[in-house]
Amino acid sequence: MQTNNQIEEIANKIQNSEDKLAPFKELIGKDNFSKFQNIKKTFEADAKAKEDENRLLRIGIIGQIKRGKSSFLNALLFDGRDILPKGATPMTAALTKIRYSFSPYAKLSFYTTQDWESIKQKALQTKEDEQNEDFEGEISEEDKACLEIYTKAKNVDILSKLGEIQTIDDVSKIEDLLEKLENYVGADGIYTPIVKSLELGVDIESIKNIEIVDTPGTNDPVISRGRVTQDFIGQCDVVFFLSLSSQFLDQNDMELIAQNIPKKGVENIFLVGSLFDSAMLDTYNDYENTSDLIENLKYKYSIRAKEDIDKIISFNSDDSIGNSLLKALPPIFVSGMCYNIATNLKNLSEEENHTLKNLNEMYNDSFDKDDLLYIANIEGVQEKIDIVTAKKDEILKSAFSKVIDGATKQLDSLYVDIEKNVKSDFEMLQNNDVASLEKKQHIIQKSIKKGTSKIDNIFESYIIDIEKSFASLAQQLKNEIKNTENVNVESGSDTEEYEVSTSKWYNPFSYGRTETKTRTINYKYANVYDAIEQVEDFVRTSELNISKTVENIIDIETFRKEIMQNIIGLFDLKDDDFDPRDIVDTLKNSVNRISIPNVDIDTSSHIDTIRDNFSSSEVKDSKIDSFKKEIKRVLKLILGDMKVEILSQTKKIISELNQAKDNFIPKLLKDSNDKLDNMKNNMSKLNETKEQYEELFIILKNHK
């Protein structure tokens with residue numbers, strides 16, 4: 001009863017704040033104002049989730065998409081088996097809860113009708129925009145993902161399940177359950193597009209007192225799913241936050257940590273550097289041996305993580321944020337891939353075999369099971385889970401009060417942000433009149449238009465660099481193919497028996513007699529399997545080079561910064577008629593809209609081509625020339641396919657950059673004009689607006 005009263009008290013406090021500020025919604029801004037309802041909604045869900053001290057300890061696995069969350073959990077819980085679906089597409093992204101059950105089961109929750117209607121509307125609008133030749137706007141990643149989901153589902157009669165909860169429990173083994181789940185969470189599953197969340201019951205002793213949750217990526221292109229994760233954070237008692245080892249804590253990661261985790265009252269945070277094997281492959285040239293590599297790499301990335309955490313702390317006045325994050329250092333570096341290889345050494349998949357071969361070749365080493373388990377470091381994660389499980393009662397007992405504290409801090413923080421923004425707007429209103437605003441706007445518009453060629457040149461220079469990078473890559477592949485097509489020819493010999501006549505003309509009784517003799521036959525031969533392996537190595541190395549080229553094609557942050565600096569450089573910062581604040585925020589919004597599309601180049605079909613063309617183990621003598629020609633023919637086909645793919649991706653990236661270039665200045669000017677119109681509207685009723693601001697300041701001040 002006491003907890004219910006506390007929940008009601010805080011919820012009322014948030015609601016009262018919203019009610020008091022409702023008349024000032026236009027001054028506060030709709031986005032800021034809507035945050036009151038979001039704080040209230042998530043607080044109530046978080047508090048109710050934590051009011052029972054006898055519940056399971058909930059551990060959340062959080063991070064952006066493609067950070068290896070599902071692979072990490074498959075290694076941690078299921079000995080590397082692919083139990084949890086890997087989110088390779090925007091569709092396989094349901095929130096998945098895992099808890100203990102003697103008999104395996106799955107409980108599926110589908111989107112509500114309201115959820116689906118929102119997805120449908122965005123999908124139809126996106127399709128219309130794509131087909132409209134006159135459409136000049138940008139299609140967001142969320143809109144593209146909604147179209148993909150809707151297209152996948154619209155021709156199948158599955159929408160009758162919207163709003164339902166379905167349980168699958170007529171199985172005795174987890175493998176049988178997985179087979180049935182293919183239709184619901186598999187990349188090609190019939191019902192996958194409409195599944196919102198999944199609960200899995202599994203017979204794993206180590207999770208009897210806990211519940212583990214695999215969340216959708218926080219940067220999921222379907223924004224509503226990313227928000228599900230952000231809203232769900234406060235319902236967790238412990239958070240394992242995954243970020244790429246090689247790019248630890250990028251801007252999205254840092255914003256999520258700073259704005260969500262500590263403010264939700266979650267103090268048990270563990271930072272995990274995922275895909276450590278990829279980091280090893282990326283930096284193999286920098287180290288002489290494996291032991292130096294692993295320890296130095298971990299040290300280097302730990303230092304970088306500490307620097308990133310210090311940045312987060314420096315921007316927050318809340319000590320609890322700093323304490324929680326500092327306790328999360330150093331990160332735990334893991335590799336689900338290495339764990340899978342270690343546990344499946346005798347039955348590796350093509351991807352696992354490829355990774356192991358690259359590790360062995362790049363480091364001139366032979367990684368055994370113990371080496372791979374050391375790199376995987378799943379035991380390091382299990383140790384942390386054991387620690388928090390042992391403190392379960394203590395964590396659960398204090399969880400509710402921490403949610404209360406977290407909601408109070410969120411509310412206070414929102415008031416601070418609102419007051420800062422409102423003061424800035426009010427100051428601008430006081431110091432200007434319509435004429436001066438229009439004068440400033442004229443300066444801004446004129447300067448921006450003057451900078452059109454500069455901005456175009458920046459885009460063009462990056463586009464040229466992209467073309468050069470891909471052209472260089474194509475030439476590199478062409479050069480490397482010359483070494484690959486050299487078939488190794490060796491000498492061999494066979495001993496052959498043959499019959500020789502021993503009959504003598506002078507001895508009639510010897511007619512028809514023979515004796516067996518032996519002779520050595522020398523020949524040339526080429527090992528077909530060695531040649532195939534050589535070609536496969538070329539394909540794999542090429543794939544790695546393509547991936548690296550794509551990954552490093554543009555440093556988007558440097559690109560954005562260069563545009564920012566060039567636009568700001570167009571203005572005379574000493575001019576009394578120009579205040580940088582008049583353009584900086586608008587410019588930031590425009591610059592942040594610039595993005596580089598994801599690129600995926602699939603070369604798996606090339607290896608299948610090789611195997612289909614060569615079946616015997618070796619060829620000899622006269623057949624060697626035709627074998628060499630066949631190797632060259634297949635390599636030519638492979639190179640041709642790769643060039644087509646490279647050209648396609650080059651065109652894709654350049655097309656999107658050209659679109660961004662053409663839209664950048666017009667959109668920046670429009671944003672600037674919209675801001676001016678809003679300010680002029682407020683100034684047209686200046687006296688009334690001033691009174692509103694003064695009333696608002698009193699309310700904001702009294703909150704303190």
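In the predicted model described here, Met337, Cys338, Asn340 and Ile341 of helix α13 meet Glu351, Glu352, Thr355, Leu356 and Leu359 of helix α14, where contact means heavy atoms within 4.5 Å. By class, the contact of α13 with α14 has 5 nonpolar, 2 polar and 2 charged residues; Ala, Val, Leu, Ile, Met, Phe, Trp, Tyr, Cys and Pro count as nonpolar, Asp, Glu, Lys and Arg as charged, and the others, Gly among them, as polar. Residues are numbered from 1 along each chain as its sequence is written. Because the model is predicted, local features need pLDDT of at least 70 and side-chain atom pairs count only at pLDDT 80 or more, while totals for chains, interfaces and linings use all residues; side-chain values use heavy atoms, with hydrogens and water left out.

Helices (H or I, at least four residues) and strands (E, at least two) are DSSP runs, numbered from the N terminus. The axes of α13 (residues 336-343) and α14 (residues 350-362) come within 10 Å and cross at roughly 100°. Axes are lines fitted to C-alpha atoms, for helices over the stretch in contact, and angles run from 0 to 180 degrees between N-to-C directions.

Helix α13 is largely enclosed by the rest of the structure, because 7 of its 8 residues are buried. Buried means under 20% relative accessible area, exposed over 50%, and partly exposed in between, for a 1.4 Å probe and protein chains only. The buried residues of α13 are Gly336, Met337, Cys338, Tyr339, Asn340, Ile341 and Ala342, and they pack against α4, α10 (276-282), α14, α15 (369-376) and α16. Cysteine 338 has 0% relative accessibility and therefore counts as buried, and cysteine 236 is likewise buried at 0%. A disulfide is a pair of cysteine sulfur atoms within 2.5 Å, and by this rule the count comes to 0 disulfides.

Glutamate 352 and methionine 337 are 15 residues apart in sequence, and their C-alpha atoms are 7.0 Å apart in space. With residues up to four places away in sequence not counted, glutamate 352 touches Met337, Asn340, Ile341, Asn344 and Asn347.

A further helix pair is formed by α4 (residues 69-78) and α16 (residues 378-390), which pack at an angle of about 75° with their axes 10 Å apart. This angle makes α4 roughly perpendicular to α16. Phe72, Ala75 and Leu76 of α4 make the contact with Ile378, Val381, Gln382 and Ile385 of α16. In terms of class, 6 nonpolar, 1 polar and no charged residues take part in the contact of α4 with α16.

The strands form an open sheet of 9 strands, in the order β4-β3-β5-β2-β6-β1-β7-β8-β9 and with mixed pairing. Strands β4 (165-168) and β9 (332-333) stand at the edges, each with a single partner strand, so one side of each is left without a neighbour in the sheet. Strands of a sheet pair through backbone hydrogen bonds, either parallel or antiparallel. Two strands pair if DSSP finds at least two bridges between them.

Strand β1 (residues 57-63) runs parallel to β6 (residues 210-214), and 5 bridges join them. Within this pair, glycine 60 stands opposite valine 213 in β6, and isoleucine 61 stands opposite aspartate 214 in β6. Strand β2 (residues 95-100) pairs with β6 in the antiparallel sense over 4 bridges, and arginine 99 stands opposite glutamate 211 in β6. Strand β6 is largely enclosed by the rest of the structure, because 5 of its 5 residues are buried. Ile210, Ile212 and Asp214 point one way from β6, while Glu211 and Val213 point the other way.

Several loop residues were also examined. Serine 101, in the loop between β2 and β3 (105-110), counts as buried because its relative accessibility is 14%. The peptide bond from leucine 329 to proline 330 is cis, with omega near -5°, and proline 330 lies in the loop between α12 (319-327) and β9. Leucine 275 has phi near 50°, a positive value in a residue other than glycine, and is found in the loop between β8 (268-274) and α10. Asparagine 377, in the loop between α15 and α16, has a positive phi of about 55° although it is not a glycine.

Technical notes: Angles under 35 degrees count as roughly parallel, over 145 as roughly antiparallel, 65 to 115 as roughly perpendicular and the rest as oblique.
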